[in-house]
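Please keep the sequence and the model in view while reading.

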Amino acid sequence: MPTCHHCDATHTAEELTRHERPGVVLVHCPDCDCLLGRYRRHGDAPETDRLREA
Ligand SMILES: [Zn+2]
């Protein structure tokens, strides 16, 4: 479970505040509203944020 680095609260993924953006979901702490992370949505065209050369 993600732990907020700001207020130290631990929440399940379902409890987090989600803000959907094109191609990405931003998740915020429901207590202090700080950004906990961002996740690429499935089913959308993936953004290249790292090179995966074999
Ligand atoms: Zn927090």
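The model discussed here is predicted. The protein chain has zero helices and three strands, which form an open antiparallel sheet in the order 1-2-3.

**Confidence**

- The mean pLDDT of the protein chain is 82, and 76% of the residues reach at least 70.
- Confidence is highest in strand 1 (residues 17-21), with a mean of 91.
- Confidence is lowest in strand 3 (residues 35-40), where the mean is 88.

**Overall fold**

- Read from the N terminus, the elements of the protein chain follow the pattern β-β-β.
- The protein chain has 54 residues, of which 4% are buried.
- Of the contacts between residues at least 6 apart in sequence, 20% link residues at least 24 apart.

- The three strands of the open sheet are arranged 1-2-3, and their pairing is antiparallel.
- Strand 1 and strand 3 are the edge strands, each of them pairing on one side only.
- Ignoring direction, neighbouring strands of this sheet are turned against each other by 20° on average.
- In a regular strand, side chains alternate between the two faces of the sheet.

**Strand 1 with strand 2**

- Strand 1 and strand 2 run antiparallel and are joined by five bridges.
- T17 is positioned opposite H28 of strand 2.
- R21 is positioned opposite V24, also a residue of strand 2.
- The hairpin of strand 1 and strand 2 has two residues between the strands, and G23 in this hairpin adopts a positive phi near 85°.
- Strand 1 is hardly covered, since zero of its five residues count as buried.

**Strand 2 with strand 3**

- Strand 2 (residues 24-28) pairs with strand 3 in the antiparallel sense, again over five bridges.
- V27 has G37 of strand 3 as its bridge partner.
- Six residues lie between the strands in the hairpin of strand 2 and strand 3, where D33 has a positive phi near 70°.

**R18**

- R18 belongs to strand 1.
- Is R18 buried or exposed? R18 counts as exposed because it has 12 C-beta neighbours inside 10 Å.
- Apart from neighbours within four places in sequence, R18 contacts V25 and V27.
- R18 and C29 are eleven residues apart along the chain, and their C-alpha atoms are separated by 9.0 Å.

**D33**

- D33 is located in the loop between strand 2 and strand 3.
- Its phi, near 70°, is a positive value in a residue other than glycine.
- Is D33 buried or exposed? D33 has 12 C-beta neighbours inside 10 Å, and a residue is exposed at 12 or fewer, so D33 counts as exposed.
- Setting aside neighbours within four places in sequence, D33 is in contact with T17 and H28. T17 and H28 stand opposite each other, H28 being in strand 2.
- The C-alpha atoms of D33 and H6 are separated by 9.3 Å, with the two residues 27 apart along the chain.

**D8**

- D8 is found in the segment before strand 1.
- D8 is not a glycine, yet its phi is positive, at about 70°.
- D8 is exposed because 10 other C-beta atoms lie within 10 Å.

Key
Residues numbered from 1 in each chain as written. Predicted model: local features only at pLDDT ≥ 70, side-chain atom pairs only at ≥ 80, totals over all residues. pLDDT = per-residue confidence, 0-100. Helix = DSSP H or I, 4+ residues; strand = E, 2+ residues; numbered from the N terminus. Pairing = 2+ DSSP bridges. Buried ≥ 20, exposed ≤ 12 C-beta atoms within 10 Å, placed from the backbone. Contact = placed C-beta atoms within 7 Å. Axes fitted to C-alpha atoms, helices over the stretch in contact; angles between N-to-C directions.
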